[in-house]
Amino acid sequence: MVKNKKLTMEQFLETRKEILNHWPTGNHPDLDLDKAVEKLKKIPPHKNFALKLREAKKNNITMIQPRAGVARLQEHIELLQYLEKEGKADFLPSTIDSYTRHNRYQNAQDGIDESEKKGRSLLNGFPCVNHGVDGCTEVFEKINVPIQARHGTPDARLLSEIIHASGWTSNEGGGISYNIPYAKSISLEDTIKYWQYCDRLVGYYQEQGVELNREPFGPLTGTLCPPSISNTVAILESLMAAEQGVKNITVGYGQGGNMVQDVAALRALEEQTNHYLKLFGYEDVFVTTVFHQWMGGFPSDESEAMALIAYASTVATYGGATKMITKTTHESFGVPTKEANAKALKASKFVTNLVKEQKMPDSEELTFEIEQIKKEVDSLIKSIVHEGKGDICQGTILGFKKGLIDIPFAPSELNYGKILPARDVDGKIRILEFGNLGFTEEIKDFHRTKLNERAKSQNRELTIQMVIDDIYAVSNGNLVGSEGE
Ligand code: 5AD
């Protein structure tokens, strides 16, 4: 039974042996931890994700990072170099392909081979495990900013070993956020265990004096996710990471659409992550935030898409996010070209720079929303801790089973799947159906009142049709859906 308990060095090394013995690619590389530590120690601060984030936070600026990944090594390197130069990316990613995310390394290899034959990428990302430590190290060496793996992998243990040993100083994911929104029927017990290992590896490096960054995946399904739900998952994963020795954490949030609610969510997220880390006894964890540009359906028109990207950039900067993940005008078609990717980065950077002196001023509305989100998160975490009899791992597993925590529109069978979100009059995301969510009656009443106001103002019934209209609204240029949109 998985508990929120740091893996001992023996447990860690034993599992490590098993993972490395199942090396899929034939050429078992030298994954010596001491050598990896030596290599990581030599990385200059401007190429270390954790240290560059500390610097950005100190200077109060919003850094930008795209998503990007292709099958072939040289093409991937050229892509990242292009995004660094043309797009002025502050951080670079390697978006990992779907086969690797599901540990299907033979399929990934076939994809690489086919891509070589055809002269273009036939995978939807960079197969980092197949390219191995040598390939990933070459990627790291040929760029001048920090690099992170971004994926969606329930079992990322081998992937994590490879990327960190290659000088990649950040890893995205978590036992909840890379399971429930990504997989159909993988047990949470397992994914929490897998991610404890990934975090313990980072904890190991930390003990050797190398600070690496970890980033729980914030937006979850990216569709009308109430801030208190995504913030709760981010906090739970931060606590799990901190227990394994992680000291540099970036908690994420996906743009909801209402500016005040989005800024409130970012502020609440940072404050409560720090609060709960201290409450659970993790004193010296450095926390930053990442804002995801709109993760829902995008307009297909490129000018409209760019406008949405610029709006998101305004909110991220106005809300004081340390980092922002950018989208592209190709979002509604598929994987973007490098040109489209760089153009969106440039537009994003232009806005973050333009807005950088301004922060959203305090107001009654903002204060209210921050307090509301905090109240909801407290209620959810309390119910989870109670369910787990003090253990957040067991609390999470049982909480999902009972629906105390429930992620809207998640594909996982482990998700209770009963809650339904909808927007209120001014576009803030509220909850229409609560399922068995761990909310107090007071909180539920607040949501009911807000959505009744909306129904009244639009002269319509509070039904699932409202939810559907809201899902499609933004791609049509509205925040609040109207009937039959
Ligand atoms: N390159 C660029 N963007 C990608 N995305 C997924 N794979 C890639 C890739 N290889 C983007 C999708 C979506 C987000 C979840 O990730 O377009 O915006």
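I took a polar contact to be a pair of N or O atoms within 3.5 Å; within protein, one must be able to donate a hydrogen and the other to accept it, and residues adjacent in sequence count only if both atoms are side-chain atoms. The model is predicted, so I note that local features need pLDDT of at least 70 and side-chain atom pairs pLDDT 80 or more, while totals for chains, interfaces and linings use all residues. Residues are numbered from 1 along each chain as its sequence is written, and side-chain values use heavy atoms, without hydrogens and water.

A ligand oxygen lies 2.7 Å from a polar side-chain atom of Lys-327. I also noted a ligand oxygen 3.5 Å from a side-chain N or O atom of Arg-67. The ligand alone exposes 400 Å², of which the protein buries 77% (Shrake-Rupley method, 1.4 Å probe).

Entry on the cysteines. I searched the whole structure for disulfides (cysteine sulfur atoms within 2.5 Å) and found 0. For Cys-393, the closest cysteine sulfur is that of Cys-198, 14 Å away and therefore too far for a bond. I recorded Cys-393 as buried, at 0% relative accessible area (buried means under 20%, with a 1.4 Å probe and protein chains only). Cys-225 is buried as well, at 9%.

Notes. Buried < 20%, exposed > 50% of the residue type's maximum accessible area, 1.4 Å probe, protein only.
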